[in-house]
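Morning, everyone. I have one structure to go through today, and I will keep it short. Please have a look at it first.

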Amino acid sequence: MKKAIHTAILLAALLIGLFGYRQYKAHVLAEEIAGKIIRFHVRANSDAELDQELKLKVRDAIGSCMQPMLSGVGDIEKSRKIIKASLPKIERTAEETIAAQGFSYPVTASLATVEFPQKTYGSYTFPAGLYEALEVVIGEGKGQNWWCVMYPNLCFYNSVYEVVGKDAEKSLERALTKEEYESLMENKNYEIKFAFLDWLKEKIPH
């Protein structure tokens, strides 16, 4: 009996240690990944249907504006400089798009540090954390937002926003280490499988 309890305690301690290590590892990876990408974030004025539709039109207009400039750019610092230099043009493009739809919302565009929750894009699950992002705020910016990854360029391949193509996948893979890249794969985001706990319960005397 004592031996069984001792074994169970050791196994429980091992599991807790493993869980702590995996959590720490996931945190480190999240910070490393965040330092290697730039996200594109558009905040709608509100959740009203017309405002949400307008958000997507602004997204498309900015995408058409930025895609030629960012196409083939393989360096985050160069991408950052292009985005910073383009902020007035991005705001102007968004404002023109908004005016063409009969609205008069102001727009602000900035390269900012933005806190994101965990987000899935295509087959990739990006961990929660602080990321550098091109943030475009329409009006009050109180509506549901839209996002993608601007560097490496996952946003604008073939003008398809919700599907990550092969070229985009290769671009992301080149920017990250193998471990970082694999950690983004959906359903592989450093989750601990607790089937072991069922076995452990059987070993603990009642």
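This is a predicted model: local features need pLDDT of at least 70, side-chain atom pairs count only at pLDDT 80 or more; totals for chains, interfaces and linings use all residues.

The chain, then. There are six helices and six strands. In sequence order, the pattern reads α-β-α-α-β-β-β-β-β-α-α-α. The chain has 206 residues, and 42% of them count as buried. The accessible surface is about 11700 Å², with 54% of that belonging to carbon and sulfur atoms. As for contacts, if you take those between residues at least 6 apart in sequence, 71% join residues at least 24 apart.

Now the helix pair. Helix 2 covers residues 49-70 and helix 3 covers residues 76-100; their axes come within 9 Å and cross at roughly 140°. Because of that angle, helix 2 counts as oblique to helix 3. The cut-off for roughly antiparallel is over 145 degrees. The crossing of helix 2 past helix 3 is right-handed.

Which residues in helix 2 meet helix 3? On the helix 2 side they are Leu54, Lys57, Val58, Ala61, Ile62, Cys65, Met66, Met69 and Leu70. They meet a set in helix 3 that includes Ser79, Ile82, Ile83, Ser86, Lys89 and Ile90, and also Thr93, Ala94, Thr97 and Ile98. By class, this contact has 13 nonpolar, four polar and two charged residues.

Is Ser86 buried or exposed? Its relative accessibility is 6%, so Ser86 counts as buried. Setting aside neighbours within four places in sequence, Ser86 is in contact with Met66 and Met69.

Next on my list is Thr97, also placed in helix 3. Thr97 has a relative accessible area of 15%, so this residue is buried too. With neighbours within four places in sequence left out, Thr97 is in contact with Lys57, Val58 and Ala61. Thr97 and Leu54 are 43 residues apart along the chain, and their C-alpha atoms are separated by 8.5 Å.

Last item, the peptide bond. Where is Pro152? Pro152 lies in the loop between strand 6, residues 145-151, and helix 4, residues 166-175. The peptide bond from Tyr151 to Pro152 is cis, with omega near -10°.

That is what I have; I can take questions now.

Terms used
Residues are numbered from 1 along each chain as its sequence is written. Side-chain values use heavy atoms; hydrogens and water are left out. Axes are lines fitted to C-alpha atoms, for helices over the stretch in contact, and angles run from 0 to 180 degrees between N-to-C directions. Helices (H or I, at least four residues) and strands (E, at least two) are DSSP runs, numbered from the N terminus. Angles under 35 degrees count as roughly parallel, over 145 as roughly antiparallel, 65 to 115 as roughly perpendicular and the rest as oblique. A crossing is left-handed if the near helix is turned anticlockwise from the far one by less than a right angle, and right-handed if clockwise. Contact means heavy atoms within 4.5 Å. Ala, Val, Leu, Ile, Met, Phe, Trp, Tyr, Cys and Pro count as nonpolar, Asp, Glu, Lys and Arg as charged, and the others, Gly among them, as polar. Buried means under 20% relative accessible area, exposed over 50%, partly exposed in between (1.4 Å probe, protein chains only). Accessible areas come from the Shrake-Rupley method with a 1.4 Å probe; for residues, only the protein chains shown count as cover.
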